Amino acid sequence: MAKAKPKLYGEKFGTENVKIIQDSDKVNVKELDPKYAHIQVTYVKPYFDDKELTERKTEFERNHNINRFVFEAPYTLSGKKQGCIEEQCKRRTILTTSNSFPYVKKRIAINYEQQIHLKPIDVATDEIKDKTAELQKLCSSADVDMIQLQLKLQGCVSVQVNAGPLAYARAFLNDSQASKYPAKKVNELKDMFRKFIQACSIALELNERLIKEDQIEYHEGLKSNFRDMVKELSDIIHEQIIQEDPMHSPWMSNTLHVFCAISGTSSDRSYGSPRYTAEI
């Protein structure tokens with residue numbers, strides 16, 4: 001890991017001549033006026049490895065005593081920032097600070113910077129993992145946010161050709177594509193899709209229990225898209241992901257019951273989640 005330094009641009013770095021670069025990804029340093037001091041600022045999130053996630057179970061624990069943060073940037077090997085799914089890479093930067101937040105000071109020096117480069121199939125697995133975690137968090141909340149739940153569901157069960165989770169399955173798991181990638185990576189993506197489908201099932205069942213009559217038609221549309229997604233994904237990986245009606249299986253009911261039972265203890269909703277920024 002290399003020691004990180006803030007990106008400061010300008011000949012005169014003084015408090016009265018500081019400009020904040022809000023959209024730093026699109027800034028060309030050569031075009032900056034050198035008579036001003038420029039600070040590049042990015043939004044970061046607390047970073048935890050798998051072991052820490054099992055230990056830090058509440059929102060309070062995941063937003064206090066934090067000294068590692070992460071931000072990500074997309075790129076392609078051709079040099080473009082954005083590309084098609086098969087060439088889209090991602091650079092994950094993990095920053096370690098000298099002290100932990102919250103702190104008596106608002107700014108803490110960055111001691112170390114670590115970069116992890118994700119290849120396209122890794123990006124796909126990571127995206128599906130994030131969507132699964134988001135659904136699980138919404139379903140296990142003590143006070144379900146119906147708007148967020150439905151927005152997430154709508155994006156997750158999309159069956160459009162070039163959008164939604166299925167686009168990753170078509171790009172990396174089809175017979176003509178899977179052979180291009182290491183078997184371990186392909187199996188990891190398949191396993192993440194299985195967990196994703198389970199999370200979608202739980203979220204749909206929860207939504208069905210909570211909606212009012214004026215949303216029944218909307219919910220039926222979500223269920224129809226979900227069934228189409230499950231069918232296509234099963235055809236792609238040659239595996240029946242869900243053996244029976246996914247919306248009324250005993251497994252679904254039992255799993256949803258577990259989510260509801262733990263909803264009051266899985267997060268401490270008395271504390272908000274701070275927003276962190278970092279000078280990079």
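In which crossing, left-handed or right-handed, does α6 pass α7? The views below are taken from a predicted model.

**View 1. Helix α6 packs with helix α7 in a left-handed crossing.** Helix α6, which spans residues 183–210, and helix α7, which spans residues 216–237, pack with their axes 11 Å apart and at an angle of about 165°; because angles over 145 degrees count as roughly antiparallel, the two helices are described as roughly antiparallel to each other. On the α6 side the contact includes K190, F193, F196, I197, C200 and L204, and these residues belong to a set that meets residues of α7, among them H219, L222, F226, M229, V230 and L233. By class, this contact of α6 with α7 has eleven nonpolar, three polar and three charged residues.

**View 2. N63 and N65 are placed in the loop between α1 and β4.** N63 is buried, with a relative accessible area of 6%, and a polar atom of its side chain lies 2.9 Å from the backbone oxygen of E59. N65, by contrast, is exposed, with a relative accessible area of 52%, and its phi is near 60°, which is a positive value in a residue other than glycine.

**View 3. A cis peptide bond joins F101 and P102.** The omega of this bond is about -10°, and P102 is found in the loop between β5 (88–101) and β6 (110–118).

**View 4. H238 has a positive phi although it is not a glycine.** The phi of H238 is about 55°, and the residue is found in the loop between α7 and α8, the latter spanning residues 250–262. H238 is exposed, with a relative accessible area of 58%.

Definitions and conventions
Residues numbered from 1 in each chain as written. Predicted model: local features only at pLDDT ≥ 70, side-chain atom pairs only at ≥ 80, totals over all residues. Heavy atoms only, no water. Axes fitted to C-alpha atoms, helices over the stretch in contact; angles between N-to-C directions. Helix = DSSP H or I, 4+ residues; strand = E, 2+ residues; numbered from the N terminus. Parallel < 35°, antiparallel > 145°, perpendicular 65-115°, else oblique. Left-handed = near helix turned anticlockwise from the far one by under 90°. Contact = heavy atoms within 4.5 Å. Nonpolar A, V, L, I, M, F, W, Y, C, P; charged D, E, K, R; others polar. Buried < 20%, exposed > 50% of the residue type's maximum accessible area, 1.4 Å probe, protein only. Polar contact = N/O pair within 3.5 Å; in protein donor to acceptor, adjacent residues only side chain to side chain.
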